[in-house]
Amino acid sequence: VIGFLPGYVNEEGIASGGRFYLLEQVERFGNWCGWHLPRLFQHDGLTATHLYDLMLVAIMGAMALWIWRRSARQPREIARRALALYLTLLVLSTPTYPWYALLALALLPFAGKRLLLATLFASSTAVLLYLQWWLPGSPHWPLVVVYGGSALTLVAVSLWSGFSAIRWKRLFAATPKRMALSSGQEA
């Protein structure tokens, strides 16, 4: 298995960066703005792919550490956290094989209200990746729909979760203690 790993890394476009949809979008945006990510670090021998790989490992490591450090109140939370970790890996690594979304589909019953939309989108649109193989010319639009849409839904879910947490903290912080005691005494 380890002997085949370098061949797999080259074959799948991990070494060249051709596999990573989000890296391609960052490079397109950079070209549009007039700067090129690899040139910024050229004197150090780093490429955009190296930086993307480092960012992917850092994000996944930070997420895994954060998940590991928080205690789970219910057993479902463990599956929900594994799903969040897997969806992030799926969006960042952008595999071209649709069957990688099957794990997200298997964890769908544990998604909860926050991850439901992102999980449904990632698992239901993954079938479009077959079109990239079957249609002539290997069109790019299935990657845009699957990974661009999954990235947007994951960001939207993250922002919604963050804003919801802030809103609930403010709501409970704004409740005067005297009101809470008097309403508790009346009950």
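The legends below describe close-up views of one predicted model.

**Figure 1. The overall fold of the chain consists of helices.** The chain contains 10 helices and zero strands. Read along the sequence, its pattern is α-α-α-α-α-α-α-α-α-α. Of the 187 residues in the chain, 30% are buried.

**Figure 2. Helices H5 and H7 pack against each other.** Helix H5 covers residues 75-93 and helix H7 covers residues 112-125. The two helices meet at an angle of about 35 degrees, and their axes are 11 Å apart. The crossing of H5 and H7 is left-handed. On the H5 side, the residues in contact are Arg80, Leu83, Ala84, Leu87 and Leu90. On the H7 side, they are Gly112, Leu115, Ala118, Thr119 and Ala122. Sorted by class, this contact holds seven nonpolar residues, two polar residues and one charged residue.

Figure 3. Side chains of opposite charge can pair when their charged atoms come close. Both residues belong to helix H2, residues 21-33, and are four residues apart, about one turn of the helix. Arginine 28 is partly exposed, because its relative accessibility of 46% falls between the limits of 20% and 50%. Glutamate 24 is also partly exposed, at 22% relative accessibility.

Figure 4. Helix H2 has 13 residues and reaches 19 Å from its first C-alpha to its last. This span is close to the 18 Å expected at 1.5 Å a residue. The buried residues of H2 are Tyr21, Leu23 and Gly30. Glycine 34 comes after the helix and has a positive phi, near 100 degrees.

**Figure 5. A salt bridge joins arginine 81 and glutamate 77 in helix H5.** The side chains of arginine 81 and glutamate 77 meet with an N to O distance of 3.0 Å. Both residues lie in helix H5, four residues apart, about one turn of the helix. Arginine 81 has a relative accessible area of 13% and is therefore buried, the limit being under 20%. Glutamate 77 is buried as well, with a relative accessible area of 14%.

**Figure 6. Tyrosine 100 lies in the loop between H5 and H6.** Helix H6 covers residues 102-106, and tyrosine 100 is placed in the loop between H5 and this helix. Tyrosine 100 counts as partly exposed, at 30% relative accessibility. Not counting residues up to four places away in sequence, tyrosine 100 touches Tyr8, Tyr86, Leu90 and Pro95. Leucine 90 is 10 residues from tyrosine 100 along the chain, and their C-alpha atoms are separated by 7.8 Å.

Figure 7. Most residues other than glycine have a negative phi, and most peptide bonds are trans. Threonine 94, although not a glycine, has a positive phi of about 40 degrees. Threonine 94 lies in the loop between H5 and H6. At 0% relative accessibility, threonine 94 counts as buried. Serine 138 has a positive phi near 45 degrees and is likewise a residue other than glycine. Serine 138 is found in the loop between helix H8, residues 129-134, and helix H9, residues 141-173. At 46% relative accessibility, serine 138 counts as partly exposed.

**Figure 8. Threonine 49 is shown with its contacts.** Threonine 49 belongs to helix H4, which covers residues 48-69. Threonine 49 has a relative accessible area of 8%, which means that the residue is buried, since the limit is under 20%. Leaving aside neighbours within four places in sequence, threonine 49 is in contact with Ile14, Ala15, Ser16, Gly17, Phe20 and Leu23. Leu23, one of these contacts, is also among the buried residues of H2.

Technical notes. Residues are numbered from 1 along each chain as its sequence is written. This is a predicted model: local features need pLDDT of at least 70, side-chain atom pairs count only at pLDDT 80 or more; totals for chains, interfaces and linings use all residues. Side-chain values use heavy atoms; hydrogens and water are left out. Axes are lines fitted to C-alpha atoms, for helices over the stretch in contact, and angles run from 0 to 180 degrees between N-to-C directions. A crossing is left-handed if the near helix is turned anticlockwise from the far one by less than a right angle, and right-handed if clockwise. Contact means heavy atoms within 4.5 Å. Ala, Val, Leu, Ile, Met, Phe, Trp, Tyr, Cys and Pro count as nonpolar, Asp, Glu, Lys and Arg as charged, and the others, Gly among them, as polar. Buried means under 20% relative accessible area, exposed over 50%, partly exposed in between (1.4 Å probe, protein chains only). A salt bridge is a side-chain nitrogen of Lys or Arg within 4 Å of a carboxyl oxygen of Asp or Glu. The expected span of a helix is 1.5 Å times one less than its number of residues.
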